[in-house]
Amino acid sequence: MTDTTANKLQTYVDEAPLVEGDHNFSTITDKICSIVESKPPRGWLIAFLFSFSLLLILQGSIGYLIWEGTGIWGLNNPVGWGFAIVNFVFWVGIGHAGTLISAVLYLFRQKWRTAINRFAEAMTIFAVICALVFPGIHIGRVWVAYFMFPIPNQMGMWPNFRSPLLWDIFAVGTYFAVSLLFWYVGLIPDLATLRDRAKSKVKRLVYGILSMGWRSSHRHWQNYELAYLMLAGLSTPLVLSVHSIVSTDFAVSLLPGWHTTIFPPYFVAGAIFSGFAMVMTLAIPARKIYGLESIITIGHLDKMAKIMLVTGSMVGYAYAMEFFIAWYSGNTYESFAFVNRAVGPYAWAYWIMISCNVIIPQLFWSKTLRTSVPVLFIASIFANIGMWFERFVIVISSLSRDYLPSSWDYYTPSIWDILMLIGSFGLFFTFFLLFLRFLPMIAMFEIKGILPEADPHHEEVH
Amino acid sequence: MTPKLIYGILAEFKDTKSILKAAESVKIEGYINFDCHTPFPVHGLDDAMGLKRSIIGYIVGFGCVMGASGGLLLQWWSSSIEFPIVISGKPFFSWQAYMIITFVLMILGGAFAALIGMFHLNRMPAYHHPLFNSKNFQKATDDAFFVSIEFKDPMFDLDDTKNFLVSIGGKNIEVIEE
Amino acid sequence: MGSVVFFFSYFGSPKFTDVGYRPDQPVDYSHKLHAGELGMDCRYCHTSVEKSQEAIIPPTQTCMNCHKIVGLENEKLDLVRASWESGKPIEWVRVHMLPDYAYFNHSVHVNANVGCASCHGRIDEMEKVMQVEPLSMSWCLDCHRNPEKHIRPDNINVTQMDWVPSEGHEEIMNKFIEQHKISPPEDCTACHR
Amino acid sequence: MPQIKNNKTEKTYWRSLQDKMDSKEIESFIVNEFPAGTIEVSETMTRKKFLSLMGASMAMAGLVGCRKPIQKILPYVNAPEDIIPGISNYYATTMSMGLNSFGIIVESHEGRPTHIEGNQDHPASKGSVTSYVQASILDLYDPDRLKSPMHNSKSVSLTNLKNNFTPLTGDGSGVAVLSGSFNSPTTKRLYDKFNKKFSKSTWTTFDLKSQENQISGLAYSTKKEVLPIYHFDKSNIILSIESDFLGNDQNSIHNQKTFSKSRKIKTKKDKMNRLYCVESTLTNTGMMADHRYKIRPDEVYNFIAELNNTLAQNGLYKLKKINIKKSIFDKKYQKFIKVLARDLIKNKSKSIIAIGDELPSELHSLVFILNQELKNNNNSVTYHSTDDFVKSDLESTKKLIEKINSGNVDDLFILDVDFIHLFSHLLNDKITNLVKNIYYFGSHKDLTSKISTWMIPKSHYLEAWGDAKSIDGTTSIVQPLISPLYNSISINEFLSLLLGNDISDYDLVKETWSSKSSLVFKKTIHDGYLKSSISSNSVSIPRVSVESQQNIFSTIEEHLSNKKTNNLIARFTISNQLYDGRYTNNYWLREAPDTITKISWENVALISIKTAKDYSLKNSDIIELKSKINGKEFKIEAPVWVLPGLPNDTIILEMGYGRELERDVDRNYIDEDILGVNVLPIKEIGSYYSNNILLSKTQKIHKVACTQDHHGLDLEKLAANEIEGRLPEIIRESNIEDYRLNDDFVLDYDRKKHIPDNDSDLPSMYPSHDYSKGPQWGMNIDLNVCTGCNACSIACQSENNIPVVGKQQVMDGREMSWIRMDRYFKGDVENPEFALQPVACLHCENAPCEQVCPVAATTHDKEGLNGMAYNRCIGTRYCANNCPYKVRRFNFYNYTYDTPEVVQMANNPDVSIRFRGVMEKCTFCVQRISEAKITAKNEKRELADGDVKVACQTACAMDAITFGDIIDKNSKVSQAKSLNHDYSLLKELNTKPRTTYLAKFRNPHPDLVKDNNNKEIIEHH
């Protein structure tokens, strides 16, 4: 084609090509399948062993927790919730980017999502698993946790559907199920690819079973695409609702600092913020190790950085609003709760939160920083830290000083709190590394779908 | 060994453009039981093959309704019929509080409907299919585009169909046995 | 999933696990003989059933009231006599076990004309006492929700074992319940403290 | 609980006894009352309850595939007539303490005493209890008690002891006996016998907290050995000089009962007494005072002298002026004295000057004169002879110690006094060589038992027959509730052993009472006291001419100090937790936070804020205190705690701590070795403060478990200011005068926030639930009379099986007590005002805790109770978070799993024991409510007001707590709630609490108001 047409094409696609380098269908297939088919790089092995040992720590401390009782945590009378709940909300938040990227961006026809949606979804699922661990173990009597499910029983008792905790169970549970479906449905064609390329019998069998006998028939594609669209359509409101519902754990209570109507939107913004941060934290090393720079391009990182900038600022705005409303309400308890956050005994946590979530993202106003990989990497890690502290501040500082001063107390985490936090990362990364090893981390058929030659009319653009 | 039955004929095409044309002409020729196999959904192929819109949307809708109504019913029955308990002095059926779970279950119902519906319409899982006997067909999940015409098509004739496929530019024509 | 739920909620329920519990007792005392054939009133031995939360297992004394005179040779009674002489109580095995966090009160039920048989079954036909009702919470609630099935009119003795409600019994009892302000509680606090 | 029932059960009890009333069969009766079976049954019962822990978790939803472990039932072999299993009996008996004794009603389950309440008709208890009386039941089940007699640390059987224990022969030369003071006629009788038989022996009595000075002081003026009893209900003006009559006092229940009578406010017109308090420590009485003035112990002489003179100037002309060279008090103080004096005179015969019993005797004499000139004597203050008592005697104690040190004692008999703990610093180290035999009659393996050749275990008062007298002379019989758990004997039995004959304590008591007819005897046992003996000791004191008392004034003159001193003084007080140390092993009392400092488990050295600054000390720094006592230097180390409202350069030290015991059982969460500090070494025996203390700061730190003011709030202006802002709303109060002008002042705080006056107008998304059908339970707490003593919370602990969690857990903020006694300081740090507020579950109608529980474990019943179904609770702790009053307590660990079986016998079988991971809280004593309801149903009657009395309510001697049906407009509680100074806590949250509070009133003297109307509130240690 001529330069002019080339320019036309540019303006038509309106963006830099989503896949760089001269890729065609088969190179894409080879590139991505090879990761699964060839032996893992040493980096992977080391990372896996490390995170697996962390996972063992988690298991150990959970065992001890169930044996000894909740007392091993730093909890006390006013502060009934500690790290466990903080971690829960943190992980649920992380779990947001995945489905958001695939579902929402899919509905908005954001083609660039294809490069990252697969492992963003994977990340979601593993994060939600980590999240689900904590409400499970934080209760005093784990062995009767089933009371929370509506199971017919000899007591004739049913759960209390007014309780935000129960909403959580349903919301997060559903979110997990739907994300899993969404992810799996997306995987089927690629699993078929792996099946067809598989050398060993075992692999062919396993991938064969998983791919459900997919034969890339177009009559299937038709249902498949619509179903996928439907799932995307369903997950979008779900994604937005889940963290809103999680936020009701706090918003519905009457504790000063928790009882806030701004929580739902601001939790969602925070969740997206931390979610993208985590995607960034994972994508950057992954693309380096597996040499996927051509598929997960700087362009992608740049776009994610922009989203982080936006959501980060939204969160910042929410922080400011909280203060304003607290002051404007004229409610002494309310205003004290927030002043206490900023200058009280937990001020240190508060200011870590502010600097990580509000100040650092402002770096992304600059194009050069947005496109510098190390900056992005470090910033994203800070964002994760900041978001963890946001939950810490909300949960602990509010609880430690509520209405009656006589019961005020200070909360200090015990060693077990910290071990479990670390351990949860072990759980997360173990899963994630296994995913990288055995499943295509990038949606091949979708990438193919956005290659220029995928468009039947791509040669006759004039 | 018993003589193998014929399933149909498989022809390979080089790119999206040609598969589109091929599908079109197969349709025009009057074949019904034919199919295209592409590594990714190729746009415009539905019309080319003359496929009707998928009904999966209705299935999902049904799933949503079931989920929502089931959820609300459960909450209403258990809290105001089965065992009414005074909680925070609120009415037994405090619907405001029950909306959330109702909504969530609606989504869940829909999602499962979508999955099951899709599998059902595609008759999946189907672990055994004649096409899998073709070595060449494995490319279908990589970078090759195929048209397959089934034996049970009224117009099917081994030689005519073969020639027809050649005429519309099909490569590596293959007869697939069951 | 559903089957798992069913598994637990059926095979786990007292209906399945508890009903039919019939432990061996140190003395094979026959309710069939005493309550059935001899027609002794339950309250002869279970004295405090109208006054206290517990119906009490009778002291050895009670047995000896009669067995000082009758059944002197009966070796079934050796243990009873031994206990009487040594002053060591007989170790009966509890049949109807309520969990310790459930506080059941015999007196209030008996005084509300709930028959013994409603919970303990036809004791008068049992050689060895057996649990016939699940004694589960939902089972309690069933009766608390519609007591008219089990409450007896004043002229019927609560200890009468073979009594069966007559036609239209429930209508009569609904009136009775209103008159006597019988209000079986469904609150948690009624049984759990 | 319904008194009617008590009487009924007791009646049957007595009918059954009459049948076999000749003393021979009494033996068999005592045996029969507690047949071998009983204890076994009750044990299995508690064990059963204990199993309910595991049961609670496993048995639910029948999830247990395998069935529960086989349960054995042990019936009685020979059923005692009076015991119906499952129905608790109530017996009257008496607990004596020092010179006073309290009539009590003991609840007993299957022969197992579980709970103590006051005896309505007994003048010394009037239906209520002190925390000591309440907790004394735990001592009965103390697993560390001495279990059998020991000879040279080899245990001896009781019969063996009784047969060949004849330590005393001859005239008893070289024999010395040391005991505490006692009021039991029988013991007195044996005491006289002993002194007659062993004429050469010396019997010494010693109390750490004694009325000796008071008695001798009064004796000097009145020529009679008497003690005063104050009648606060007959007085408008009360001055307390170093006297904690509402708190740690012999007769505190009587004092509180009468005090609250003239303190309760119902309408604008009601009068209210005015309490002035002058003290060097900080006491519950001080916290109640309308005017509290701190004073250094060495200034008390001056204060009383100046008061005397001012009174003399202002109308009591008969009083002799004391010549004061130069007043050491500043203007403010002198004005106070002037106002006070006028106020006293204005209320002649309607005022009281109460003075701390440890103060020197001449002051007591003078105060007697003052009371006399104020016409209080025989009106608001009556005097009661103490001739029947064997009283503490300091001088002879000193002599005894000399004798011991100089080796003139061969056989030393120590009767239930931890001799070494008290006197180790005065005793010769080689005491074991100096004294041939030491016989120790006591209950624990303490320091004294270590040096003694013979140890004879002492029976608990609920295990032994005996008798007792109250200060007013009321005589009563102590009847056992249970046969001795261990091989122990009562003091009477021991004394008669010493006299060479082995007689059962029942016979001994019977003998003492032989003058009375056996009918009277029985009636006395049944009622718990002898009607005819009420205030039989009272003596009317003829007027004493002031002239005859010259040298009182002169002695006082000698003691006056002419300039303000600032040398360090150590002021010693009796512990609020352990009394004089006798409750060292009572974990209820140990853990109940001190009523003032809120510190549990230990004692600290309390100092004022200024002193802390001067010596640059902060909380829990360890200081070393040195003091020279007749030439020898002694020192102790103790952690510091800063408390507002203390005089400067004065260190308050609580006695009774640091008493080392040898323990048989070791608990997981309770660290037995936490004993506090024994401060006695630096205390000069007899004096209540020591001068010239040397203070030096060590580098050591000792973490102290304080249940309030965690995390140094005082260091944090932010928090302090916030509390200052909130307090007036949380604890609403008014000066009585302002109240007369504006009697619905409590609503002003709400109106300021635009909160509607009545709850129903509060906006809500939901229609409110209909609670119109009765009974609807509610509670009301009168903050105006709450002294913050711990009686209610310990009563609750005893009634509801609340576990003890130990110091570490308390430090971690996990104390379990259902009633949190909030204590706030108000006003300026040097002279703060005090606000007290007991907070238990308020049973909100719109309970925030309920809606957040995912499993409906905490729900409302139709009578408005906010119930907890422990076995449904999964322990999300969400309810606790969402409780604005923070009254829910969580079992972070399995605190009860290692409760010794004998301690489990103290458990109330009507309340389940909570397993770890379960939330618990006040239930309005739901077990008592259902008991009352069922009894009413069985008796085919309606519930009457007063049928249900909750544990805290009965315990409270101030009658601050009322409980009942709020639908019944005539019930006490409805009337209290209808008062217009009744308010609900945090009303704006629309929780509609069922427990409401009556506002606090202060009654300052108009002329003094401007001095302390500084309304800055601060929270401070």
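This is a predicted model: local features need pLDDT of at least 70, side-chain atom pairs count only at pLDDT 80 or more; totals for chains, interfaces and linings use all residues.
A polar contact is a pair of N or O atoms within 3.5 Å; within protein, one atom must be able to donate a hydrogen and the other to accept it. By that criterion, the side chains of D:Glu242 and D:Ser280 are in polar contact at 2.5 Å.

**Interface of chain D and chain A**

- The contact set comprises 64 residues of chain D and 62 residues of chain A.
- About 5300 Å² is buried between the two chains, and carbon and sulfur atoms account for 58% of that area.
- D:Arg726, D:Arg872 and D:Tyr878 together provide 13% of the area that chain D buries against chain A, more than any other three residues.
- One salt bridge is counted between chain D and chain A.
- D:Lys886 and A:Asp402 form a salt bridge, with 3.1 Å between the closest N and O atoms.
- Polar contacts between chain D and chain A number 35 residue pairs, both residues being at pLDDT 80 or more.
- On the side of chain D that touches chain A, the elements giving two or more residues are helix H3 (36-58), helix H23 (717-730), strand E32 (820-826), helix H28, helix H29 (878-882) and strand E36 (889-890) of chain D.
- Helix H23 of chain D gives the most to this side, with seven residues.
- By residue class, the side of chain D that touches chain A holds 32 nonpolar, 15 polar and 17 charged residues.

**Interface of chain D and chain B**

- Here 14 residues of chain D contact ten residues of chain B.
- The buried area is about 1000 Å², with 62% given by carbon and sulfur atoms.
- Helix H28 (848-852) and strand E34 (858-860) of chain D are the elements that give two or more residues to the side of chain D that touches chain B.
- The residues on that side of chain D comprise six nonpolar, six polar and two charged.

- Chain B is assigned two domains: domain 1 covers 7-39 + 144-177, and domain 2 covers 56-121.
- Taken over C-alpha atoms, the centres of domain 1 and domain 2 of chain B are 47 Å apart.
- The peptide bond between B:Met124 and B:Pro125 is cis, with omega about -10°.
- B:Pro125 belongs to the loop between helix H4 (95-121) and strand E3 (145-150) of chain B.

**Positive phi in residues other than glycine**

- A:Met212 has a positive phi, near 60°, and is not a glycine.
- The position of A:Met212 is in the loop between helix H8 (201-211) and helix H9 (218-251) of chain A.
- A:Met212 has a relative accessible area of 16% and is therefore buried, since the cut-off is under 20%.
- D:Lys223 also is not a glycine, and its phi is positive at about 60°.
- D:Lys223 is located in the loop between helix H7 (212-222) and strand E9 (226-230) of chain D.
- The relative accessibility of D:Lys223 is 65%, so the residue counts as exposed, the cut-off being over 50%.

**D:Glu225**

- D:Glu225 lies in the loop between helix H7 and strand E9 of chain D.
- With a relative accessible area of 36%, D:Glu225 is partly exposed.
- D:Glu225 and D:His384 are 159 residues apart in sequence, with a C-alpha to C-alpha distance of 8.2 Å.
- Leaving aside residues up to four places away in sequence, D:Glu225 touches D:Ile215, D:His384, D:Ser385, D:Thr386, D:Asp387 and D:Lys391.
- The side chains of D:Glu225 and D:Lys391 make a polar contact at 2.7 Å.

**D:Glu242**

- D:Glu242 is placed in the loop between strand E10 (237-241) and helix H8 (252-261) of chain D.
- The relative accessibility of D:Glu242 is 5%, so this residue counts as buried.
- Beyond four places away in sequence, the residues that D:Glu242 touches include D:Ser280, D:Glu358, D:Arg571 and D:Tyr688.

Definitions and conventions:
Residues are numbered from 1 along each chain as its sequence is written. Chains are lettered from A and ligands numbered from 1 in the order in which they are written. Side-chain values use heavy atoms; hydrogens and water are left out. Domain bounds come from an automatic or database domain assignment. Contact means heavy atoms within 4.5 Å. Buried area is the accessible area (1.4 Å probe) that two parts lose on being put together, summed over both. Helices (H or I, at least four residues) and strands (E, at least two) are DSSP runs, numbered from the N terminus. Ala, Val, Leu, Ile, Met, Phe, Trp, Tyr, Cys and Pro count as nonpolar, Asp, Glu, Lys and Arg as charged, and the others, Gly among them, as polar. Buried means under 20% relative accessible area, exposed over 50%, partly exposed in between (1.4 Å probe, protein chains only). A salt bridge is a side-chain nitrogen of Lys or Arg within 4 Å of a carboxyl oxygen of Asp or Glu.
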